[in-house]
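Reader: I am new to this structure and would like to go through it with you. Could we begin once it is in view?

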Amino acid sequence: PDAEKLLDKVRYVARSCKELKEKYNVHEDGLYYLLTANSILYEAFCDMTTAGGGWTLVASVHENNLYGKCTLGDRWSSQQGDNINLPEGDGTWSNKVIFGSPEAATSDDYKNPGYYDITAEDVSVWHTRNNANMEDWTANSILRYHTETSFLTLQGGNLYHLFKRYPVRFNAGVCNEDKGPTVPIVYDYGNAQTTAELYGLNSRALFTAGFITFRVFNTEKAALAICSGVSPTGCHTEHFCVGGGGHFPEGAPRQCGDFASFDWSGYGTNQAWSASREMTESAMLLFYR
Ligand code: G3P
Ligand code: CA
Ligand code: CA
C-alpha cells in the first residue's frame with residue numbers, strides 16, 4: 001500500500017491542486033507533487049474539502065518571536081533590522097525566494113514556488129495554532145475563510161503579481177489613499193464577531209470585519225501586506241495587519257516584524273492595541289484556487 005501511495009503521487013502531473021482535482025478527480029486532502037512552468041517539482045498541501053476543494057497551500061506567515069523586532073525569522077518583513085535604507089525589507093511578498101516545508105507551515109515561515117507560479121482566482125486563509133500537525137490543521141484553526149470574487153484575476157493571477165503592483169515598501173504611499181484591494185470573505189470557521197475579537201479592543205474601532213485587505217499603510221507610512229479578516233477604516237494598521245517592509249517609524253523598531261505591532265499593549269493581552277494570545281500564537285496559512 002505504501003508503494004501504491006507513492007506511485008499515486010507521481011502519477012499526476014499538475015500545476016495546482018485545482019488542476020489535480022479537475023483533471024484527475026483527486027479528492028483527498030494531503031501532500032501532492034506539483035510542477036511549475038519552469039518544471040520545478042515541489043510538494044504542496046492540497047485542501048480538497050473546503051468549499052469544493054482544489055486549494056493549494058502556497059505560504060504561511062509565522063511569528064517565531066514577537067519580542068524580536070525585524071530579526072531572524074521575520075521573513076515576511078525584514079530579518080535585517082528596522083532600517084529606513086531598506087524600505088522593502090526582505091522583499092518576500094514580490095520575489096521568488098522560497099523557504100520552509102509544508103509539514104512545518106505552522107512552525108516556521110513557508111513559501112513554495114506555487115506562490116508565484118500558480119494562476120489563481122481566489123485565496124483561502126487559515127489561522128492555525130503553532131506547531132499543529134498537518135492532519136489536525138482544521139481542528140486547530142481559530143479562523144478559516146475564503147474569497148469568491150475571483151479578485152486575483154485582475155491582479156495578475158496571484159499574490160506575487162499583486163504585490164508587484166502594490167509594493168510592500170515603506171513610504172510608497174499613505175494610509176487610506178493608497179490601499180490595495182479589499183475583498184469580502186466567506187467564513188469556513190468563525191464569523192465577523194469572532195474575527196474582530198482576535199484583535200485588541202482599540203483595534204476593533206479601526207476596521208470592519210468580513211474582508212481581507214492587501215497592502216495598506218499606517219500613520220507613519222509603514223507598509224503592511226495583509227489585514228486578515230478585516231477592512232481597515234483607521235490608520236494604526238500595524239496592530240491588525242501582518243507582513244511589511246523594512247521600516248516602521250513609530251517607536252522603531254518596536255513595530256517591525258512579521259506580526260508587526262500585535263504586542264503594542266503587551267504580549268497576547270488582547271487589550272487596547274494587542275492581539276489575542278491565540279492569534280499571536282497561530283500561523284496564517286495562505287491557499288490559492
Ligand atoms: O498605534 C497606537 C499608537 O500610535 C498609540 O499608542 O500607546 O499612545 O495608545 P498609545
Ligand atoms: Ca516569520
Ligand atoms: Ca500607531
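Reader: Which hand does the disulfide of C70 and C256 have, and why?

Author: The torsion about the S-S bond of C70 and C256 is about -75°, so this disulfide is left-handed. A disulfide here is a pair of cysteine sulfur atoms within 2.5 Å, and in this one the S to S distance is 2.0 Å. The model is a predicted one, in which local features need pLDDT of at least 70, side-chain atom pairs count only at pLDDT 80 or more, and totals for chains, interfaces and linings use all residues. Residues are numbered from 1 along each chain as its sequence is written, chains are lettered from A and ligands numbered from 1 in the order in which they are written, and side-chain values use heavy atoms, with hydrogens and water left out.

Reader: Which parts of the chain does the pair of C70 and C256 tie together?

Author: C70 lies in the loop between β3 (55-61) and β4 (110-111), and C256 in the loop between β13 (242-244) and α6 (277-280), so the pair ties together parts that are 186 residues apart in sequence. Helices (H or I, at least four residues) and strands (E, at least two) are DSSP runs, numbered from the N terminus.

Reader: Is C70 buried or exposed? And C256?

Author: C70 counts as buried at 2% relative accessibility, and C256 is buried at 0%. Buried means under 20% relative accessible area, exposed over 50%, and partly exposed in between (1.4 Å probe, protein chains only).

Reader: How many disulfides are there in the whole structure?

Author: A search finds 4. With bonded cysteines counted along the chain, they follow the pattern 1-2, 3-8, 4-6, 5-7.

Reader: What joins C175 to C235?

Author: A disulfide does, with an S to S distance of 1.9 Å. Its torsion is about -90°, so the disulfide of C175 and C235 is left-handed. C175 is in the loop between α4 (159-165) and β7 (182-184), and C235 is in the loop between β12 (230-232) and β13, 60 residues apart. C175 counts as buried at 13% relative accessibility, whereas C235 counts as partly exposed at 22%.

Reader: Which hand does the disulfide of C227 and C241 have?

Author: The torsion about the S-S bond of C227 and C241 is about 95°, so that disulfide is right-handed. C227 lies in strand β11 (residues 223-227) and C241 in the loop between β12 and β13, so the pair ties together parts 14 residues apart in sequence. Their sulfur atoms are 2.1 Å apart, and both C227 and C241 are buried.

Reader: Changing topic, what are the protein donors of the calcium ion, ligand 3?

Author: They are H236 (ND1), E238 (OE) and E250 (OE), lying 2.1 to 2.4 Å from the ion. Donors are N, O and S atoms within 2.8 Å of the metal (3.2 Å for Na, K and Ca); water is not among the atoms, so sites may look incomplete. The spacing of the donor residues in sequence is H-x1-E-x11-E.

Reader: Is E238 buried or exposed?

Author: E238 is buried, with a relative accessible area of 0%, while E250 is partly exposed at 25%.

Reader: Which residues are around ligand 1?

Author: They are H236, E238, H239, E250, W264 and W273, each with a heavy atom within 4 Å of the ligand. A polar side-chain atom of H236 lies 2.9 Å from an oxygen atom of ligand 1, and one of W264 lies 3.1 Å from an oxygen atom of ligand 1.

Conventions:
A polar contact is a pair of N or O atoms within 3.5 Å; within protein, one must be able to donate a hydrogen and the other to accept it, and residues adjacent in sequence count only if both atoms are side-chain atoms.
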